[in-house]
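Reader: Please take me through this structure feature by feature, giving the general idea of each reading before the case itself.

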Amino acid sequence: MIKLNHVTSIAVATLVVLAVAAFMAYRQVALARDSYRAEVAMQETLANVRQLQIATRALQSERADFDAIRHDWAQARDSFPRQLQVLDASLTAILPNQPQLRRITDTWDRMETAHGQVNLVLTHLKEAGVQAQIGTRSLVLSYQEMLQQRGTPDAVLGEIGLLLFQLEQTDRMVLEIEFELRDLARNLGVRTSSTVRNSLTAVAVVLGIATVFVVGLLIR
């Protein structure tokens, strides 16, 4: 009877340890899962930023389709705030209160203002027929040609010059956002490696305790 009580107490203690270890392992696996989801959200956000870069620089390329670029640009702008919210939500559990996200949001607000000004100038150029005059040629080269030619209205030259300046500023802000995202991605990568390693260790501990428990019962 004493032996049975001794075995029972050991079994109960082992079960308690196993339950605690299983709970800790579950938490680590959940963190690893959250880290993986954050990694996916980060990659999608970086892809969205690259779309913005392509659209911004396409207007300054050798051949620019203004309407197609504005369409691509609008799509990238519409999806970025939602993507940033997804990233913020996925980082809450593993990397809360990240200053990079606040700086990205502030830069995006300034960028939205610049985007609005760019679209306004493009609309004016289209209504004035300047966009059709430029066609698919480089905006920079067209502007330089207009500066050398006589007869181009000063208002048109001023708007194109303003557009080029705004595009340069927009491109710089996109680079700022990308820099902050890549800095955050490095922190996230370190965190993901840590959570995956801890989850594997926790699962191994649970399996070890369970094995010892079962073998002990069989021996008893």
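**Reading the model**

Author: A204 has a relative accessibility of 45% and therefore counts as partly exposed, where buried means under 20% relative accessible area, exposed means over 50%, and partly exposed lies in between (1.4 Å probe, protein chains only). This is a predicted model, in which local features need pLDDT of at least 70 and side-chain atom pairs count only at pLDDT 80 or more, while totals for chains, interfaces and linings use all residues. Residues are numbered from 1 along each chain as its sequence is written, and side-chain values use heavy atoms, with hydrogens and water left out.

Reader: Where does A204 lie, and how far apart are A204 and A25 in sequence and in space?

Author: Helices are DSSP runs of H or I with at least four residues, strands are runs of E with at least two, and both are numbered from the N terminus. On that basis A204 lies in helix α6, which covers residues 154–219. From A204 to A25 there are 179 residues in sequence, whereas their C-alpha atoms are 8.9 Å apart in space.

Reader: How many helices and strands does the protein chain have?

Author: The protein chain has 6 helices and 0 strands, and its pattern, read along the sequence, is α-α-α-α-α-α. Of the 220 residues in the chain, 39% are buried. Contact means heavy atoms within 4.5 Å, and among the chain's contacts with a separation of 6 or more, 85% are between residues 24 or more positions apart.

Reader: With which residues is R182 in contact, leaving aside its neighbours within four places in sequence?

Author: R182, which is found in helix α6, is in contact with L46 and R50 once those neighbours are set aside. Between R182 and L46 the C-alpha to C-alpha distance is 8.1 Å, although they are 136 residues apart in sequence. R182 counts as partly exposed because its relative accessibility is 36%.

R103, found in helix α3, is likewise to be read through its accessibility: at 39%, R103 counts as partly exposed. R103 and E176 are 73 residues apart in sequence, and their C-alpha atoms are 9.1 Å apart in space.

Reader: How do the axes of α2 and α3 cross?

Author: Axes are lines fitted to C-alpha atoms, for helices over the stretch in contact, and angles run from 0 to 180 degrees between N-to-C directions. The axes of α2 and α3 (residues 99–127) come within 12 Å and cross at roughly 165 degrees. Angles under 35 degrees count as roughly parallel, over 145 as roughly antiparallel, 65 to 115 as roughly perpendicular and the rest as oblique, and α2 and α3 are therefore roughly antiparallel to each other.

Reader: Which residues of α2 and α3 meet?

Author: On the α2 side they include F66, W73, R77, F80 and L91, and on the α3 side L101, W108, E112, H115 and K126 are among them. By class, this contact has 12 nonpolar, 4 polar and 6 charged residues; Ala, Val, Leu, Ile, Met, Phe, Trp, Tyr, Cys and Pro count as nonpolar, Asp, Glu, Lys and Arg as charged, and the others, Gly among them, as polar.

Reader: How many aromatic pairs does the structure hold?

Author: A pair of aromatic rings is described by the distance of the centres and the angle of the planes. Rings of Phe, Tyr and Trp (its six-membered ring) pair if their centres lie within 6.5 Å, and planes under 30 degrees apart count as stacked, over 60 as edge-to-face and the rest as tilted. The structure holds 1 aromatic pair. F80 and W108 form this tilted pair, with 4.5 Å from centre to centre and 35 degrees between the planes. The pair links distant parts of the chain, since F80 is in helix α2 and W108 in helix α3, 28 residues apart. F80, at 0% relative accessibility, counts as buried, and W108 is buried too, with a relative accessible area of 7%.

Reader: Is Q83 buried or exposed?

Author: Q83, placed in helix α2 (residues 66–91), counts as buried because its relative accessibility is 14%. Not counting residues up to four places away in sequence, Q83 touches A41, E44, T45 and N48.
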